[in-house]
Amino acid sequence: MTEPSKGRSSLEASREARNQALAAQPLVPSGPVSGFVSGTVDSVRGVWRYRELLDLLVKRELKSRYKDSALGFVWSLIRPLTQLLVYYIAIGKFLGAERDTPEFAIYIYTGLTAWALFSEVISSGTGSIVANGGLVKKIYLPREVFPLSVIGSALFNFVIQLFILLVATLLAGSPPSLAGIGYVVLGTAVLLVYATAIAFLLSAINVYLRDVAYLVEVGLMVGFWLSPIVYRWSFVQNALSSELLNQIYLANPVTLAVLCFQRGIWVAGAGLPQPSDLGLRAVIAFLIGIPILWLCQRVFARMQNNFAQEL
């Protein structure tokens, strides 16, 4: 037998061995598992298996945001500080809001920090599946990693803003207490559970109906003014003559989270009117948010079967 014939025989034998090895492997179904309990467990396991990819997506999200910019991540500091300056001058100085609000700059920046986390998760999370359509169409992986990667990058910006806020409280001589930090942690948990649930739901719907992204912009603009971010909660209490309307206003989980942030960080406002049982209300809102998050994830899992075709 000649040398080329020996090479072909060896190649065919190797190919046959590989085919037999592949045939011996058990079939592993890809795609989401149906069922509320088994499907949820499978989704959690899937995200955990792809945790390294999730980490890469978070880093890519952060790098792409400031790609080709000269200042890079410095913009993470400049943007919130500029926002603070605009609100402080326009609302605090020009409209006179600072006259009735001690340490107005800390007050307004506290609310803006909480709102920025919530709005960034929802606005970026809504378009996360469409933005990663190339990956979705080529390979199978848990689609949940795309909305979750947005949460990772939003938390990075949130930590930077919170750091600026805590430095400001130290400079003002009114740092938050340990109990105040507890309120901040509780408020963050409330924001994350609801923002994640909404991001799951809207990111799935946005694949089928692209108008959702524009509706989110309008909804966030309205939602900003539904919480006491640039005005005090006592103004709402005085304006709403009905106790029922006041309770409906406080039922908004974002409102409770913002109030928790202000209770924890805005020490100068400790003597001003605040909702009773704020901590209990926030805990109840968080507990209610967990099954809502679960249901939204199951809806997401149900709708993701046709993502590749729709994209």
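## How H4 and H8 cross

In this predicted model, helices H4 and H8 are oblique to each other, because their axes cross at roughly 60 degrees. H4 covers residues 75-94 and H8 covers residues 145-172, and their axes come within 10 Å. The crossing of these two helices is right-handed.

## Who meets whom

On the H4 side, the contact is made by Ser76, Leu77, Pro80 and Leu81. Facing them from H8 are Asn157, Ile160, Gln161 and Ile164. Sorted by class, the contact of H4 with H8 holds five nonpolar residues and three polar ones, with no charged residues.

## A cavity to look at

How many cavities of 30 Å³ or more does a search of the whole structure find? The search finds one, and the space in this largest cavity comes to about 110 Å³.

Its lining is made up of 13 residues. Helix H11 (233-239) and helix H13 (253-265) each supply at least two residues of the lining, and H13 gives the most, with three. By class, the lining of the largest cavity divides into eight nonpolar, three polar and two charged residues.

Conventions
Residues numbered from 1 in each chain as written. Predicted model: local features only at pLDDT ≥ 70, side-chain atom pairs only at ≥ 80, totals over all residues. Heavy atoms only, no water. Axes fitted to C-alpha atoms, helices over the stretch in contact; angles between N-to-C directions. Helix = DSSP H or I, 4+ residues; strand = E, 2+ residues; numbered from the N terminus. Parallel < 35°, antiparallel > 145°, perpendicular 65-115°, else oblique. Left-handed = near helix turned anticlockwise from the far one by under 90°. Contact = heavy atoms within 4.5 Å. Nonpolar A, V, L, I, M, F, W, Y, C, P; charged D, E, K, R; others polar. 1 Å grid on protein atoms, 1.4 Å probe; cavity = no way out; pocket = protein on both sides within 12 Å on 5 of 7 lines; lining within 4 Å. Points joined across faces, edges and corners; volume = space filled by probe spheres on them.
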